[in-house]
Amino acid sequence: MRTATYFFIFLNLSLALFEEPAVYPLPFLATSVLEVVCLLVFLGRLTHFAKVTLHNVFWKDTKNICIMVAILLSLTDLAIYGVLRLYDVRSIRWSRIVRPIFLINFAESRQIRRAFRSIRNTLPEITYVFLLFMFSLLMFSLMALKLFGERNLQTAEGLPYFRNYPEIVFDLYVLVTTANSPDVMMPAFDFSSWYALFFISFVIVNTYIFMSLFLAVVYNNYKKHLKVMPGGACD
């Protein structure tokens, strides 16, 4: 039963590759039949749970409620999408976003739920580090606006360079990943090589210090919550 459940969960998630817009498009009838089969299997598995579980316990379990709601939403979306196709009305399958619910909420996915619960418990504790990082990013962006905004510099494409604050924030956010380095600093560097110190300082503070701190906080808190959970590994 566990193998069959995982197989149909995998099949249900894989349908996104074949539904419009698809990587490997299949006829709507084929994908819809496969999805209905998967949903019937999930419904049968849920019915089996209901038969071997006390009535009060079954209906108090949030996982079972989530699975039933996901099945209902998927069938409703499939029916609406099919009717709209008959009238040549273009629409999208919005129920795709609920398909991972089946992977998380079945009893066989206990380890996955533990991981998600650890992530959920970790998020509030890393918020302070994230806010501190965002404060640093906004301050550096404000400094960049004051340094380069009145220099009338232009990029290689002839666009204004560091004159719009939201665009500066985005460019420096990308620079944290070094994806636009060194292109982002070349107009300023061509104007004066001393401006390179600003970007070097930014990379040192935000990429090397804050990202390392952020990773350490995420890892330590995730590991801590994984230890204290029932059945969690010690190391």
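This report covers salt bridges, a surface patch and a helix crossing in a predicted model.

Residues are numbered from 1 along each chain as its sequence is written, and side-chain values use heavy atoms, without hydrogens or water. Local features need pLDDT of at least 70 and side-chain atom pairs pLDDT 80 or more, while totals for chains, interfaces and linings use all residues.

**Salt bridges**

The whole structure holds 8 salt bridges (a side-chain nitrogen of Lys or Arg within 4 Å of a carboxyl oxygen of Asp or Glu).

| Pair | N to O distance |
|---|---|
| Arg96 and Glu19 | 3.2 Å |
| Asp61 and Lys63 | 3.0 Å |
| Asp77 and Arg93 | 2.7 Å |

Arg96 sits in the loop between H4 and H5, and Glu19 in the loop between H1 and H2, so their bridge ties together parts 77 residues apart in sequence. Glu19 is buried at 4% relative accessibility; Arg96 is partly exposed at 22%. Buried means under 20% relative accessible area, exposed over 50%, and partly exposed in between (1.4 Å probe, protein chains only). Asp77 is buried at 1%, and Arg93 is buried at 7%. A network of salt bridges links Glu19, Glu35, Asp77, Arg93, Arg96 and Arg99.

**Nonpolar patch**

Trp59, Ile65, Val69, Leu73, Ile92 and Trp94 form a nonpolar surface patch with about 560 Å² of accessible area together. Patch residues have over 30% relative accessible area and no salt bridge; nonpolar side chains are joined within 5 Å, like charges within 9 Å. Helix H4 (residues 62-86) gives the most, with 3 residues. Trp59 belongs to helix H3 (residues 55-60).

**Helix crossing**

The axes of H6 (residues 110-148) and H7 (residues 165-176) come within 9 Å and cross at roughly 120 degrees. Their crossing is right-handed.

Methods:
Accessible areas come from the Shrake-Rupley method with a 1.4 Å probe; for residues, only the protein chains shown count as cover. Helices (H or I, at least four residues) and strands (E, at least two) are DSSP runs, numbered from the N terminus. Axes are lines fitted to C-alpha atoms, for helices over the stretch in contact, and angles run from 0 to 180 degrees between N-to-C directions. A crossing is left-handed if the near helix is turned anticlockwise from the far one by less than a right angle, and right-handed if clockwise.
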